[in-house]
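Subject: Structure handover

Hi,

Here is the structure I promised to pass on. Please open it alongside this message; my notes follow below.

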Amino acid sequence: MSGHGKAQERLDELVKVIASEVVAEVCTVYVRRAGEVLELFATHGLNPSAVHKTRLRVDEGLIGDIAAHARVLNLADAQAHPKFAYRPETGEEIYHSFLGVPILRGGRVRGVLAIQNKAKREYTEEEIEALEMIVVVLAELIAGGDLVGPSEQITAEGNAILPLRMTGIRINSGIAMGVAVLHQPRVDIPAMFADDPDAEEKRLNAALSEMQDAIEDLFSASELSERGEHREVLETYHLLARDAGWLRRLREAIASGLTAEASVQKVQDDIRIRMNMATDPYIRERMHDFEDLARRLLQHLTGSPLTAAGDAALPDDVVLLAANMGPAELLDYEPHRLRALLLEEGSATAHVAIVARALDIPVVGRITDLLARIDPHDPVIVDGDNGQVFVRPGEDIQQMVADTIQAETERRRLYAALRDEEPVTLDGQRIALNLNAGLLIDVQQLKDTGADGIGLYRTEIPFMVRAEFPGVEGQTELYSNVYEIADGKPVMFRTLDIGGDKQLPYFHDVAEENPNMGWRAVRVALDRPSMLRQQLRALIRAANGRDLSIMFPMVAEVAEFEAAKAILEIEIQREKKRGGVTPGKLRVGVMLEVPGLMWQLPPLLKRVDFISVGSNDLFQFLFASDRGNPRVANRYDVLSPSLLSMLRHLVRAANEANVDISLCGEMAGSPVEAMTLIGLGFRTISMAPVRIGDVRAMLRTVDAAALANYVDSLIDLPDHSVRQKLVAYARDHNIAITTG
Ligand code: PEP
Ligand code: MG
């Protein structure tokens, strides 16, 4: 069913020609197919009946080894190699010497070309180079799609063709189905060979200088280009772009008859083969730089766009693939087309994850070799909950996932119907359900979710997706929009929480060893009071006489709160002096996320109007366990007696002092955790918009007083976690804690 037609005929012809050109008794081509299988597609010299029958898994046998490591194998006696896998149907036992070369295109091994001879001898450098040249042609033939087309890969017969499953870390949960789209598209090479090498060299030179100018522009677009990382990155690019070895190899490839584009591709493939073998992280890093440079150069040669965002032919269900990505880049896509995001790098707290959460799409990160193993147009299923991805999935998996998505849609429909039902517990406790927001699309969710207000407006998010620091006017406009959209519902504005894992592209300072515990949030604000003053000024103006609630992040001691509040007071006085309108009711509070502040509760509670627990940070500092480090991600549980004990103490102290207390970390958005918070005495919680439905449904089935007794009984247990006990309690009491 595959491999027939013109492309197969050309391949059959090619193996004969190659064998006679390089004087080999055997010449075979294996093509990589779905399910990480290499199939014998054409041979000269081996048994022809093995064609389309012999298959090896990637990393099986010599052929599989070449594919797995994208490396050349040159062996005088192949059968003596530990990886040799004997396949009787091929009749290859009489051949000893073996030279195999990966067929690479766009960073992916598409197949393997091998020659064999009876005599035991190593092949020469010239012979290797000849094969490396030939695989450029074979790569094009395979990429043409006639030998193994994208659609063939899903419906292919044969058990050996298994769907590919990849794993990474969960960055955002949810399940989605769609079509793979590369954020930075591979560039199609229009022609491989050219008659006029001089003309090609001119084209190459023009593209090189265009590329250098464009890189220069890119970096000078930022005001801060003169210092910090920008400068270093720019210098690295300059050095690489002038790398004599690289330029020489490009010119040699052109002189051998390739087009400028094919030369860039070939040189890049060669670099990849060599560098793939290196384990030194510095060398691998350089490979990334060369990749980026080669991609840019190809774009200048072909005039194709840098990212897929502007592609008019984007499918309706995009699963976006990137090495890594900034938040603004994700926002360049039309949200209704985005189904999921897959990253080679990334962490749960990365900025792009925050935007993805706002867009409500699953994200899986840290997927090894993602870009090399998925092709554009591949059908993909993303299971964000379990950090796994199915590429070219079988029909059974597709059906199962379609059913899950259907059930999820149904559940959301039910929750939407619940939207106007009050979040009241069985024993009549009214719980305030608030949203965490950072983008205006989150604030718009107030209507759809029926939430009471915005419990945490992360002001740094709009800063992170911008190219430069917004001034007072820009910020005033932004916060006014938030007020307008919130339409009278309360909003808690948190002042900038930059630093740590939330770096602004234009606000650089020295790299820190421990950025989470470094110069971030209120520490930056107090050291750079003009930044804080501008923000407070904008907030006061945007409030324009309406109530204003402000909280300061990462406050570690009462004195910091006092200092920040004093700055707010200066801005209020300034506004009065200029005859402006001051806020109606002004409420000022802290995020409680540094354990040290717990030991100053009496003076703190006298001074604040409210406290909001940032359980994400509080948890990481309480357990000294980095929230972005997957190695310790599941080591401790938020439902541990120690955290619960701390929270109970805090709620009691706040209640006694008559200070409002809420919690706005991730745990508020999960039904079991939210249930526990109610048991601890919280009556206000704030979460991502998509979590509201689940939590509202849970609240309406819980008896808060009975639960409080049960939670109390857990706090002095020596357990690592009381999660199982709480889940069992919920089941026994028919509390709706199902999660999607
Ligand atoms: C927190 O730390 O719990 C929190 C809500 O703030 P962020 O996640 O923005 O650090
Ligand atoms: Mg925090």
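Two strands count as paired if DSSP finds at least two bridges between them. The strand orders below rest on that. Keep in mind that this is a predicted model.

Six strands form an open sheet in the order 3-2-1-6-5-4, and the pairing is antiparallel. Which strands stand at the edges? Strand 3 (55–57) and strand 4 (73–75) do. Each has a single partner strand, so one side of each has no neighbour in the sheet. From one strand to the next, the twist averages 20 degrees.

Strand 2 (residues 37–44) pairs with strand 3 over three bridges, in the antiparallel sense. Within strand 3, R57 is the residue opposite V37.

Two helices go with this sheet. Helix 2 (residues 61–69) lies across strand 1 (26–33), strand 2, strand 3, strand 4, strand 5 (97–105) and strand 6 (108–117). Helix 2 runs at about 35 degrees to strand 5. Helix 3 (residues 125–143) packs on the sheet too, where it touches strand 1, strand 4, strand 5 and strand 6. The direction of helix 3 makes about 45 degrees with that of strand 5.

Another open sheet has eight strands, with mixed pairing and the order 7-14-13-9-10-11-12-8. Its edges are strand 7 (164–167) and strand 8 (169–172). Each of these has a single partner strand, so one side is left without a neighbour in the sheet. On average, neighbouring strands here are turned by 30 degrees against each other, direction ignored.

Strand 13 (residues 379–383) and strand 14 (residues 388–391) are an antiparallel pair with four bridges. V380 has V391 in strand 14 as its bridge partner. Helix 13 (residues 395–418) packs on this sheet and touches strand 9 (175–182), strand 13 and strand 14. Its direction makes about 120 degrees with that of strand 9.

**Helix pairs**

Two packed helices are described by the angle between their axes and the distance between the axes.

Take helix 14 (residues 440–449) and helix 16 (residues 472–486). They pack at an angle of about 15 degrees, with axes 9 Å apart. Angles under 35 degrees count as roughly parallel, and helix 14 and helix 16 are therefore roughly parallel to each other. Their crossing is right-handed. On the helix 14 side, L440, V443, Q444 and L446 meet N481, V482, I485 and A486 of helix 16. By class, the residues of this contact are six nonpolar, two polar and no charged.

Now helix 18 (residues 529–543) and helix 19 (residues 558–577). Their axes come within 9 Å and cross at roughly 50 degrees. The two helices are therefore oblique to each other. This crossing is right-handed. Helix 18 contributes P529, L532, R533, L536, R537, I540 and R541 to the contact. Helix 19 contributes I567, L568, I570, E571, I572, R574 and E575. What classes do the residues of the contact of helix 18 with helix 19 fall into? Eight are nonpolar, none polar and six charged.

**Aromatic pairs**

How many aromatic pairs does the structure hold? It holds eight. One of them is Y457 with F493, an edge-to-face pair. The centres are 5.5 Å apart, with 65 degrees between the planes. Y457 lies in strand 16 (residues 453–458) and F493 in strand 17 (residues 491–494), so this pair ties together parts 36 residues apart in sequence.

Best wishes

Methods
Residues numbered from 1 in each chain as written. Chains lettered and ligands numbered in written order. Predicted model: local features only at pLDDT ≥ 70, side-chain atom pairs only at ≥ 80, totals over all residues. Heavy atoms only, no water. Axes fitted to C-alpha atoms, helices over the stretch in contact; angles between N-to-C directions. Contact = heavy atoms within 4.5 Å. Parallel < 35°, antiparallel > 145°, perpendicular 65-115°, else oblique. Left-handed = near helix turned anticlockwise from the far one by under 90°. Nonpolar A, V, L, I, M, F, W, Y, C, P; charged D, E, K, R; others polar. Phe/Tyr/Trp six-rings, centres within 6.5 Å; stacked < 30°, edge-to-face > 60°.
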